[in-house]
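Open the model in your viewer and keep the selection tool ready. The tour below goes stop by stop.

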Amino acid sequence: FLPNLVVPFLAGALAQRFGAGRMLVATQSVAAVGHIAVAVGAQGRSYAALFAGRVILGITYESIDVMPLPILAPRFRDGWAMVVGLFSSALRMGS
């Protein structure tokens, strides 16, 4: 519960400092590392690797919720509420 409150604020601050596009690519790269850790943990039956991978993925998934919004904002000025709603609901479909 606590990471769900802290990580989006941190991700937003980093996106403002370094740019949303760069941070989105960085976040997805870290998520790929998390996926690899989960795969290695599953193959090798390593609960530590599975756990580490899931922690990484949990943090990156919270960040991925925030990162695309500043990229989309200039393109949808009039329908901003609709874009945020569609984006958030689309993210929830996969979980």
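Leaving aside neighbours within four places in sequence, which residues is Leu24 in contact with? Select Leu24 and look: the partners are Met67, Pro68 and Ile71. Keep in mind that this is a predicted model.

**Stop 1: α2 against α3.** Select residues 20-44 for α2 and 47-66 for α3. Their axes lie 8 Å apart, at an angle of about 155°. Angles over 145 degrees count as roughly antiparallel, so α2 is roughly antiparallel to α3. The crossing of these two helices is left-handed.

Now show side chains at the contact. On the α2 side, pick Thr27, Gln28, Val30, Ala31, Gly34, His35, Ala37, Val38, Gly41 and Ala42. They meet Ala49, Leu50, Gly53, Arg54, Ile56, Leu57, Thr60, Tyr61, Ser63 and Ile64 in α3. Colour by class: the contact has 11 nonpolar, eight polar and one charged residues.

**Stop 2: the whole chain.** Clear the selection and zoom out. The chain has five helices and zero strands. Its C-alpha atoms fill a box of roughly 50 × 30 × 25 Å along the principal axes. Of the 95 residues, 23% are buried. Finally, draw the contacts between residues at least 6 apart in sequence: 51% of them join residues at least 24 apart.

Conventions. Residues are numbered from 1 along each chain as its sequence is written. This is a predicted model: local features need pLDDT of at least 70, side-chain atom pairs count only at pLDDT 80 or more; totals for chains, interfaces and linings use all residues. Side-chain values use heavy atoms; hydrogens and water are left out. Axes are lines fitted to C-alpha atoms, for helices over the stretch in contact, and angles run from 0 to 180 degrees between N-to-C directions. Helices (H or I, at least four residues) and strands (E, at least two) are DSSP runs, numbered from the N terminus. Angles under 35 degrees count as roughly parallel, over 145 as roughly antiparallel, 65 to 115 as roughly perpendicular and the rest as oblique. A crossing is left-handed if the near helix is turned anticlockwise from the far one by less than a right angle, and right-handed if clockwise. Contact means heavy atoms within 4.5 Å. Ala, Val, Leu, Ile, Met, Phe, Trp, Tyr, Cys and Pro count as nonpolar, Asp, Glu, Lys and Arg as charged, and the others, Gly among them, as polar. Buried means under 20% relative accessible area, exposed over 50%, partly exposed in between (1.4 Å probe, protein chains only).
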